[in-house]
Amino acid sequence: VAKYQEANPGVYTIITFPFLFAVMFGDWGHGICILLATLYLIIREKKFASQKLGDIMEMMFGGRYIIMMMSIFSIYTGLIYNEFFSVPFELFAKSAYACRDSSCSDSTTEGLIKVRDTYPFGVDPVWHGSRSELPFLNSLKMKMSILLGVSQMNLGIFMSYFNAKFFRNSVNIWYQFVPQLIFLNSLFGYLSMLIIIKWCTGSKADLYHVMIYMFLSPTDDMGENQLFPGQKTLQQVLLLLALVSVPWMLIPKPFFLKWEHERRHQGHQYAMLEGADESVVAELGEHNEESNHHEEFEFSEIFVHQLIHTIEFVLGAVSNTASYLRLWALSLAHSELSTVFYDKVLLLTLGYNNIFILAIGVVVFICATVGVLLVMETLSAFLHALRLHWVEFQNKFYEGDGYKFAPFSFALISEDEE
């Protein structure tokens with residue numbers, strides 16, 4: 001349950017959730033199918049709302065608007081990937097590439113040269129079916145996943161700043177928000193910058209090599225992996241900042257909270273009244289001992305909590321960034337499954353020139369598309385997008401230590417008394 005007046009992640013999730021789903025489910029043909037199904041649920045919602053639906057149908061009906069958003073975003077990413085049931089189309093312009101000479105029959109052979117302007121929106125259709133399709137799309141989607149992941153985690157850290165600012169908690173701003181922002185961006189913000197520079201310059205630098213040797217041997221010469229002048233010096237500074245930000249996160253906050261606690265309770269000593277009852281004296285004496293013991297225990301508890309939080313953030317910065325690679329993996333799986341069903345079911349049966357075999361092939365293709373791609377893959381991408389928001393995004397700011405609102409009610413009071 002959210003803490004009262006804590007920042008609400010739902011405002012951003014309305015857009016980021018369907019978008020991350022669509023990154024994994026990018027096919028505008030499949031997106032249109034889901035959109036038509038949800039539009040039917042929305043148009044007939046009064047009828048469905050009055051009926052008793054099954055468990056699965058009720059769940060789909062309850063989430064009809066978010067599923068509609070997911071399908072619209074899927075159409076958008078499908079147009080970017082240029083996939084319609086795995087088939088590319090020249091929707092926005094002709095392909096930028098053409099054959100060098102008559103010996104070049106199709107895009108699977110060598111000899112393609114650039115003859116026009118770059119394809120204006122999304123992936124050029126000529127990539128699909130080419131020898132370099134998989135390496136190209138793998139590289140593109142993997143790097144894109146890291147960029148999206150680092151952006152969303154930075155948003156989560158900035159939300160922790162707005163939480164701290166709203167509750168006027170300057171300790172969390174200076175000893176949590178600032179070092180977390182420095183640590184994440186010194187490593188993975190820098191990696192995102194390298195990805196963008198590599199895309200812009202067309203460099204052949206190996207980013208795995210750059211990131212690994214940034215830690216193992218920061219003073220070594222970078223050679224052909226250097227993307228810009230002064231890169232080695234910048235890496236050393238960023239590494240130093242990342243190392244400094246860990247004790248910055250861990251040590252000052254517990255001591256500052258202890259000092260603040262002592263300052264607040266200084267002079268709050270109460271003298272016993274003369275002639276007080278012995279039992280009262282004994283009880284208050286016990287209470288003072290307990291409070292002193294509790295105060296000592298409180299500091300160690302805060303320190304251990306801060307230690308756990310620091311370790312979790314440092315390890316999480318690596319594991320959470322790697323977790324966003326599921327965007328790449330599921331997008332690739334969806335694309336490849338779609339291609340297999342199209343090539344090995346529909347096109348294979350078309351080759352027989354037999355209407356009976358073709359009818360069987362079409363039925364199998366429709367069943368496989370609906371059962372696997374429109375049901376199982378939708379559920380899979382939905383769950384993965386949910387996990388990315390709940391674990392990777394919300395653990396940066398969402399505390400969830402509130403309690404459910406219980407309105408005043410005479411009926412509840414009488415029930416408790418009974």
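**Reading charged pairs and a surface patch**

Modeller: Start in helix α10 (residues 252-265), where E262 and K258 both sit, four residues apart, about one turn of the helix. Helices here are DSSP runs of H or I, at least four residues long, numbered from the N terminus. This is a predicted model: local features need pLDDT of at least 70, side-chain atom pairs count only at pLDDT 80 or more, and totals for chains, interfaces and linings use all residues. Residues are numbered from 1 along each chain as its sequence is written, and side-chain values use heavy atoms, with hydrogens and water left out.

Biologist: What do the side chains of E262 and K258 form?

Modeller: A salt bridge, 2.9 Å from N to O. The term means a side-chain nitrogen of Lys or Arg within 4 Å of a carboxyl oxygen of Asp or Glu.

Biologist: How many salt bridges does this rule give?

Modeller: The count comes to four. One of them joins R64 to E45, with the closest N and O atoms 2.9 Å apart. R64 lies in helix α5 (residues 64-81) and E45 in helix α3 (residues 45-49), so this pair ties together parts 19 residues apart in sequence.

Biologist: Is R64 buried or exposed?

Modeller: Buried means under 20% relative accessible area, exposed means over 50%, and partly exposed is in between (1.4 Å probe, protein chains only). R64 is buried, at 14%. E45 is partly exposed, at 23%.

Biologist: Which residue does E392 pair with?

Modeller: R387, in a salt bridge of 2.8 Å, N to O. E392 is buried at 0% relative accessibility, while R387 is partly exposed at 35%.

Biologist: Which side chain does K141 join in a polar contact?

Modeller: S331, at 3.0 Å. A polar contact is a pair of N or O atoms within 3.5 Å; within protein, one must be able to donate a hydrogen and the other to accept it, and residues adjacent in sequence count only if both atoms are side-chain atoms.

Biologist: Which residues make the nonpolar surface patch?

Modeller: Y208, I212, Y213, F215 and L216, with about 570 Å². Patch residues have over 30% relative accessible area and no salt bridge; nonpolar side chains (Val, Leu, Ile, Met, Phe, Trp, Tyr) are joined within 5 Å, like charges within 9 Å. Areas come from the Shrake-Rupley method with a 1.4 Å probe; for residues, only the protein chains shown count as cover. Y213 lies in helix α8 (residues 207-216) and is partly exposed, at 39%.

Methods:
Helices (H or I, at least four residues) and strands (E, at least two) are DSSP runs, numbered from the N terminus.
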